[in-house]
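The following exercises are to be worked through with the sequence and the three-dimensional structure at hand. Each task is followed by a solution in steps.

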Amino acid sequence: MAANPLPTPDSGVPPPRPAAPRLSPWEIVQLARHPQRPKAPDFIFHLVRDFTELHGDRLFRDDPALLAGIGWFEDQPVAVIGPYKGRDTKENLAHNFGMPNPEGYRKALRVMKLAEKYGYPVLSFIDTPAAFPGDEAEERGQAQAIAQNIMEMSTLHTPILVVITGEGGSGGALAMGVGDAVLMLQYAIYTVIPPEGCAAILWRDVSRAKEAAEALRLTAWDLTGLGIIDEIIPEPEGGAHQDPDAATAAVREALGRHLQAVKDVPIDRLLDLRYEKYRRMGRQMESLARG
Amino acid sequence: MSPWLRKPKYAALQRREMPGGLWAKCPRCKNLIYQKELERNLQVCPKCGYHHRLSATDRIAVTLDPGSFVEFDAGLTSVDPLGFTDYPEKLEEARRRTGRAEAAFTGMGALDGFRTIVAALDFFFMGGSMGSVVGEKVARAAERALEQRLPLIIFSASGGARMQEGALSLMQLAKTSAAVARLHAERLPYISVMCDPTTGGVTASFAFLGDVILAEPGALIGFAGRRVIEQTIGRRLPEDFQTAEFCREHGLIDMIVPRDQLRPQLSRLLRFFGAPRVALEEPA
Ligand SMILES: [Zn+2]
């Protein structure tokens, strides 16, 4: 079941649908976190031509954990955002392991607003473990920053395409993750809480993370079934890091196709569809009122 | 998200464990308080001012004009969409313990004669966590406010997203925030009241999106859990970290309002934002 009510462009070629994985959810978590996996900035640098990075939230500081800028996707001017996860300890320390502080979410919003001004689409590449559990993040209102992004993205008057490339961790991911189409790489994950955190809270035992990874239904196939993502982007055998060029090409193809689909939809219609898309998410039962 | 790491304190339930239920022990000052006196005082300790947690039912009862409340969607119940370990059992236990179908209580009523849509979360129902039903009820409440051009007041008390519903619970942040966006676009008032505790996914969505944000004294308000933050930064946090007072100092909320002043304060705000009054001859 696809969550996306948008028309698919009549190219005659159906989108690729990878077969269900032979890997366990826990193995997929490991692939999503693989140190050699192409990170959001890799996809941005390879897919966005003439990329110009923009800095700062104009309020507090420039957050090195969040990459934002403008450039060209094919022949279309776009704004781009993505967390900056590093490839090694040194890079990760410099970029806070790809976990933005409030100023990072606010920088992302600033650049999305810039795109809205010109009607340029927003491309969001998500790979963040979770929102950052830091005291300063709390002092500067990270909950407010995330809430603001989610709300503003739900009504941003320009198309938003989201690709979850690695870890889509909790509210931190959703703060960049509301869009007209939400695509997901085959071995990416998207979850309300990292499996370790879930195991720690529910069972007070981090070592049961593997079990939590299964229970949370965080793989692309699960999320397609739940109507949360719109399309699974296939990865090379063994994961994106085995052939980053092939992974990038697959993302390019999928983005191009979805961009084509949203481009000609009048903005008011697109916003109604976006509202309906999220409005439908959830499972519940209507029964007669009690008492 | 990781908001539940702080072990819930079922402080307000202590009274039920007392013999005969006549006396309650205040968790802060440890004094024994006569139950009737506590009730008269809106469950605020007369000795030290500690605000006991209120169930959603009690919250509506102490806030709205008597007899004015009409509940919405009382029969909306959770399913177990992921087949998550023990979730149906936990739901059943919460239903039995609270006598409610879910953690959100929504409806329409009157406050000091102003007609308003109200939602209250119940911390005693699975920590007030937001799954599909809580998200749906909050979104429907916002949509009814939109249809009837009425204000919306939400009393939050929640540990965050309900992880037993996985990413579906995360999506409730988007669903509720999008509904609130429509209220703002239509220039309808939305007042958020944060009660103890308001943490995790609820703070990262509708609770922090009010035109005006109120909090009860001493309420725990924050996104990430204290313990996980302490583990991350490698030092202890001050005692007042993530309290309502801390949030006001850091510019995150508008005001702290003691429980006995909530009704007059909300009334002032509703009047200011032009909320309609209930006609005298019609029931609210
Ligand atoms: Zn006391």
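Donors are N, O and S atoms within 2.8 Å of the metal (3.2 Å for Na, K and Ca); water is not among the atoms, so sites may look incomplete. The model is predicted: local features need pLDDT of at least 70 and side-chain atom pairs count only at pLDDT 80 or more, whereas totals for chains, interfaces and linings use all residues. Residues are numbered from 1 along each chain as its sequence is written, chains are lettered from A and ligands numbered from 1 in the order in which they are written, and side-chain values use heavy atoms, with hydrogens and water left out.

**Exercise 1. The zinc site**

Task: Identify the protein donors of the zinc ion, and determine the arrangement of the four donor atoms around it.

Solution.
- Step 1. The zinc ion is held by the SG atoms of Cys26(B), Cys29(B), Cys45(B) and Cys48(B), at 2.3 to 2.4 Å.
- Step 2. Along the chain, these donors follow the spacing C-x2-C-x15-C-x2-C.
- Step 3. Distant parts of the chain are linked by the pair Cys29(B) and Cys48(B), 19 residues apart. Cys29(B) is in the loop between strand 1 (23-25) and strand 2 (32-34) of chain B, and Cys48(B) is in the loop between helix 2 (35-40) and helix 3 (56-63) of chain B. Helices (H or I, at least four residues) and strands (E, at least two) are DSSP runs, numbered from the N terminus.
- Step 4. Four donors count as tetrahedral if all angles lie between 85 and 135 degrees. The arrangement around the zinc ion is tetrahedral because the four donor atoms subtend angles of 107 to 112°. The ideal angle for four tetrahedral donors is 109.5 degrees.
- Step 5. Buried means under 20% relative accessible area, exposed over 50%, and partly exposed in between (1.4 Å probe, protein chains only). Cys29(B) has 25% relative accessibility and therefore counts as partly exposed; Cys48(B), at 25%, also counts as partly exposed.

**Exercise 2. The interface of the two chains**

Task: Describe the interface of chain A and chain B by its contacts, its buried area and its salt bridges.

Solution.
- Step 1. Contact means heavy atoms within 4.5 Å. In chain A, 52 residues are in contact with 65 residues of chain B.
- Step 2. Buried area is the accessible area (1.4 Å probe) that two parts lose on being put together, summed over both. For chain A and chain B it is about 5000 Å², 67% of it on carbon and sulfur atoms. On the side of chain A, Val192(A), Tyr275(A) and Arg279(A) lose the most area to chain B, together 14% of what that side buries.
- Step 3. A salt bridge is a side-chain nitrogen of Lys or Arg within 4 Å of a carboxyl oxygen of Asp or Glu. The rule finds five salt bridges across this interface. Arg279(A) forms a salt bridge with Glu136(B), and their closest N and O atoms are 2.9 Å apart.
- Step 4. Helix 6 of chain A supplies ten residues, the largest share of the side of chain A that touches chain B.
- Step 5. In helix 7 of chain B, Arg226(B), Val228(B), Ile229(B) and Glu230(B) are buried. The buried residues of this helix pack against helix 5 of chain A.

**Exercise 3. Two buried residues of chain B**

Task: Decide whether Arg59(B) is buried or exposed, do likewise for Thr243(B), and find a polar partner for each residue.

Solution.
- Step 1. A polar contact is a pair of N or O atoms within 3.5 Å; within protein, one must be able to donate a hydrogen and the other to accept it, and residues adjacent in sequence count only if both atoms are side-chain atoms.
- Step 2. Arg59(B), in helix 3 of chain B, counts as buried because its relative accessibility is 4%. The side chains of Arg59(B) and Glu216(B) are joined by a polar contact of 2.9 Å.
- Step 3. Thr243(B) lies in the loop between helix 7 (226-233) and helix 8 (244-249) of chain B. With a relative accessible area of 14%, Thr243(B) is buried. Its side chain reaches the backbone oxygen of Asp240(B) at 2.7 Å.

**Exercise 4. Backbone geometry**

Task: State which form the peptide bond from Asp196(B) to Pro197(B) takes, cis or trans, and give the phi of Glu74(A).

Solution.
- Step 1. The bond from Asp196(B) to Pro197(B) is cis, with omega near -15°. Pro197(B) belongs to strand 8 (residues 190-199) of chain B.
- Step 2. Glu74(A) has a phi near 55°, a positive value in a residue other than glycine. Glu74(A) sits in the loop between strand 2 (66-73) and strand 3 (76-83) of chain A.

How values were computed
Four donors count as tetrahedral if all angles lie between 85 and 135 degrees; four count as square planar and six as octahedral if opposite donors are over 155 degrees apart and all others between 65 and 115; anything else is irregular.
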